[in-house]
Amino acid sequence: MSAHVHLCLVLHNHQPIGNFDGVFEQAYQDSYLPFLEVFEPYEQLQISLHTSGPLMLWLAERHPEYLDRLRLLVEAGRVEIIGGPQYEPILTMLPSRDRVGQIESYSRWLERHLGATPKGMWMPERVWESSLTSDIVDAGISYTVLDDYHFRAAGLRTEEMTGFFMTEDDGRLLRIFPGSEHLRYTIPFQPVEATIKHCREVAEKTPGAVLTFGDDGEKFGTWPDTKVHVYERGWLRGLFDALTENSSWLHTVTLNEAIDRTPSRGKVYLPDCSYREMTEWSLPTKAQQTLDHVTHEMESDPHWKDLKNFVRGGYWRNFKRKYEETNEMYARMMHVSRRVADAEAAGVDSGQLAVIRDHLYRGQCNCPYWHGAFGGIYLPHLRNAIYEHLITADNLLAQLTGEFNDTAVTATNDDYNFDGVQEVRLSNDKLCAWVQPGRGGRIYELDVRKISHNLLATLQRRPESYHQKVLAGPNAAGDDVASIHDRVVFKQADLDKRLQYDRYARKSLMDHFYDNDAGMESVWRGEAMERGDFVELPFKTKLRRGGDRVQVQMRREGNAWGIPIALTKAITLVAGSETMEVTYLLENLPQDRDLHFGVEMNFAGLPAGADDRYFSDENGQRLGQLGETLDLQDATGLGLSDRWLGIDVSLKLDRPSGIWAFPIETVSQSEAGFELVHQSVCVQPHWLVRGDSEGRWHVTIEMSAACEQNAETVDQEQVIQL
């Protein structure tokens with residue numbers, strides 16, 4: 001057999017739900033459009049193309065001419081359209097019904113708009129578990145692409161991974177192509193000759209082999225420095241020229257064509273896995289650092305080449321442990337998914353349910369559920385978008401069941417976040433508060449239902465492995481195009497001085513006892529000593545329901561400075577009200593000394609750096625932008641306003657207090673470099689408390705979230721128009 005090889009070029013183009021329109025447009029101009037323009041004249045070449053649902057819907061609206069050109073290439077047999085779950089979720093975090101539903105939904109869309117019936121699919125983030133096989137096949141898919149890393153973890157040698165393999169679960173068969181990590185790092189970062197040379201070596205060793213390149217289309221123009229390299233300096237044109245010149249032995253084919261031309265390489269059962277970097281990112285930070293250190297230490301060992309195939313990092317699902325905020329989003333998504341399934345079983349109109357299910361599916365987009373080299377859960381606008389769709393779906397379900405009116409108010413309890421402990425949900429048609437009595441009696445989600453916004457989509461400041469790079473300082477990229485993982489660029493100065501970490505989650509009604517002389521800066525930096533045991537430990541709980549109101553009452557007999565103290569707090573929600581009333585009662589306080597007591601509240605989705613996002617005092621006087629710090633004395637209230645969202649959050653206190661307010665900012669990694677990201681605003685009323693004649697002290701806090709009159713509730717008709 002003459003030396004020849006088949007090369008499958010598989011591109012994955014994606015933008016997440018909630019990303020800024022300008023980011024979509026820039027990626028289109030820098031990557032998607034120029035790639036198509038360079039590719040079109042090379043009539044001998046074929047590619048397989050996956051475009052995620054969020055991006056495809058944007059293209060259909062903003063650049064339908066792109067879809068017209070794409071359809072012509074599909075009809076000519078030059079582009080194979082690859083399907084997948086519509087809104088790019090990690091499939092392992094979905095119930096089976098939503099896995100199948102998302103894949104089928106997107107296949108129908110692609111059939112309608114591009115005339116393509118996908119047989120293959122892109123596996124989001126290549127996160128794989130064997131149990132996915134049955135659902136993928138049941139959704140009408142017969143093949144997919146994973147990394148060769150998955151195959152090496154199963155014990156296969158590199159020279160064996162020259163085709164596609166069969167895997168099976170519950171009697172269903174699925175073909176899987178191993179995407180080449182070698183090609184992922186040569187394309188487009190090394191000269192074209194390196195790719196051709198690698199293909200020739202494989203062709204000579206294994207005539208008729210299939211090589212698969214599967215990676216992000218954003219590598220071709222959107223990633224830093226790649227636009228100049230790939231297009232202006234002609235790297236992509238050079239690749240296509242070389243592929244054409246060598247077409248007598250180097251055949252570019254689609255995945256489907258490869259299956260038709262070549263036999264299976266046999267059966268394989270792959271371990272639960274994702275691509276190599278993802279397994280590292282999912283580890284706890286210290287374990288990640290240990291793995292990185294050991295890996296570098298072992299690289300010079302003669303046995304490392306064989307041993308490294310069996311050294312893996314962590315497991316994707318542990319992102320839900322690494323980031324508590326991920327688990328909160330996941331649990332909220334699962335709650336909505338169960339409600340949708342219940343509504344379907346109850347016979348709700350399929351048309352109405354389709355609108356709700358679409359919001360659920362959008363709320364499953366994977367990007368803010370994890371964090372790796374950049375972005376992810378650290379991007380507030382992506383977290384906010386997930387909650388916006390989940391809350392909207394919840395609102396629409398409530399409308400269908402008659403729960404969404406100004407006379408309805410409910411209090412329920414369940415293990416809503418899958419931690420083995422009961423949580424409490426208080427809701428009316430304006431607000432929905434999710435409370436954790438078992439974790440300090442804190443509110444961990446607070447939904448403003450009229451604008452589908454979670455005021456507690458916050459993020460705790462925590463150490464990350466790449467913070468070591470921040471402390472070491474930026475490096476010079478030079479003229480070379482490096483892998484995005486190797487660049488160290490600071491988007492703001494002195495980021496090493498902005499690294500701060502929190503001992504506790506950034507939620508609301510977190511009860512602190514500080515030293516009497518503790519100031520705002522020490523609290524802001526997380527350096528103030530915690531003198532009580534109320535922040536994280538469990539409270540005993542009672543639910544009260546009566547007339548037009550519900551209440552959760554929580555009590556803990558704890559201590560501060562070793563002094564036994566009882567703390568009772570009650571959250572009351574009234575039907576039709578946009579205000580929650582929170583009352584505190586401290587008992588057994590000393591009468592001869594003051595204790596410094598503070599109640600921490602955090603508010604997310606109210607960004608900094610804009611004049612239309614501001615603080616105001618109890619008289620409505622502006623006090624500065626939300627990114628500034630406040631240290632108020634003898635205050636009885638504070639307002640936080642966001643004119644873009646159309647919301648005014650206000651706190652009213654029946655007892656004058658000091659009020660600290662400061663931004664919570666993280667140093668995280670993005671495609672363009674390390675940057676400071678505003679996550680939320682922390683507001684802490686605080687008092688020097690002393691017991692009365694009975695050792696008691698109390699305060700009432702009214703927390704309101706008022707929406708402007710023109711901020712309309714998202715109703716079913718509006719959703720259909722979207």
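Which residue in the turn of the hairpin formed by β23 and β24 has a positive phi? The model under discussion is a predicted one, and the first point takes up this question.

1. The residue is Gly 646, whose phi is about 75°. It belongs to the turn of the hairpin that β23 and β24 form, with 4 residues between the two strands. Strand β23 covers residues 630-642 and pairs with β24 in the antiparallel sense, over 10 bridges. Within this pairing, Ser 641 is found opposite Asp 648 of β24.

2. How many of the 24 residues of strand β24 are buried? The count is 18, and the strand, which spans residues 647-670, is thus described as mostly covered.

3. Strand β2 (residues 47-51) is mostly covered as well, with 5 of its 5 residues buried. In a regular strand, side chains alternate between the two faces of the sheet. In β2 both faces are covered: Ile 47, Leu 49 and Thr 51 are buried on one side, and Ser 48 and His 50 are buried on the other. Strand β1 (residues 5-13) pairs with β2 in the parallel sense through 4 bridges, and Asn 13 has Thr 51 of β2 as its bridge partner.

4. An open sheet contains 5 strands in the order β10-β11-β12-β13-β14, and its pairing is antiparallel. Why is one side of β10 and of β14 left without a neighbour in the sheet? Strands β10 (409-414) and β14 (453-454) stand at the edges and each has a single partner strand, so one side of each has no neighbour there. Helix α16 (residues 324-345) packs on this sheet and touches β11, β12 (431-436) and β13 (442-448). The direction of α16 makes an angle of about 55° with that of β13.

5. Helix α17 (residues 350-362) consists of 13 residues. From its first C-alpha to its last it reaches 18 Å, close to the 18 Å expected at 1.5 Å a residue. At its start, a side-chain oxygen of Asp 349 comes to within 3.0 Å of the backbone nitrogen of Gly 351. The buried residues of α17 are Leu 353, Val 355, Ile 356, His 359, Leu 360, Tyr 361 and Arg 362. As background to that list, an α-helix has 3.6 residues a turn, so residues three or four places apart point the same way.

6. Ile 187 and Pro 188 are joined by a cis peptide bond, with omega of about -5°; Pro 188 is placed in the loop between α7 (181-186) and α8 (192-205). Asp 225 is not a glycine, yet its phi is positive, at about 75°. This residue, Asp 225, is in the loop between β8 (209-216) and α9 (226-232), and is partly exposed, with a relative accessible area of 36%. Trp 561, also a residue other than glycine, has a positive phi near 55°. The loop that holds Trp 561 is between β17 (549-560) and β18 (563-574), and Trp 561 counts as partly exposed at 27% relative accessibility.

7. How many disulfides does the structure hold? The number is 0. For Cys 8, the closest cysteine sulfur is that of Cys 199 at 11 Å, which is too far for a bond. Cys 8 counts as buried, with 0% relative accessibility. Cys 273 is in no disulfide either, and the nearest cysteine sulfur, in Cys 367, is 20 Å away. Cys 273 also counts as buried, at 6% relative accessibility.

Notes. Residues are numbered from 1 along each chain as its sequence is written. This is a predicted model: local features need pLDDT of at least 70, side-chain atom pairs count only at pLDDT 80 or more; totals for chains, interfaces and linings use all residues. Side-chain values use heavy atoms; hydrogens and water are left out. Buried means under 20% relative accessible area, exposed over 50%, partly exposed in between (1.4 Å probe, protein chains only). Two strands pair if DSSP finds at least two bridges between them. The expected span of a helix is 1.5 Å times one less than its number of residues. A polar contact is a pair of N or O atoms within 3.5 Å; within protein, one must be able to donate a hydrogen and the other to accept it, and residues adjacent in sequence count only if both atoms are side-chain atoms. Contact means heavy atoms within 4.5 Å. Axes are lines fitted to C-alpha atoms, for helices over the stretch in contact, and angles run from 0 to 180 degrees between N-to-C directions. A disulfide is a pair of cysteine sulfur atoms within 2.5 Å.
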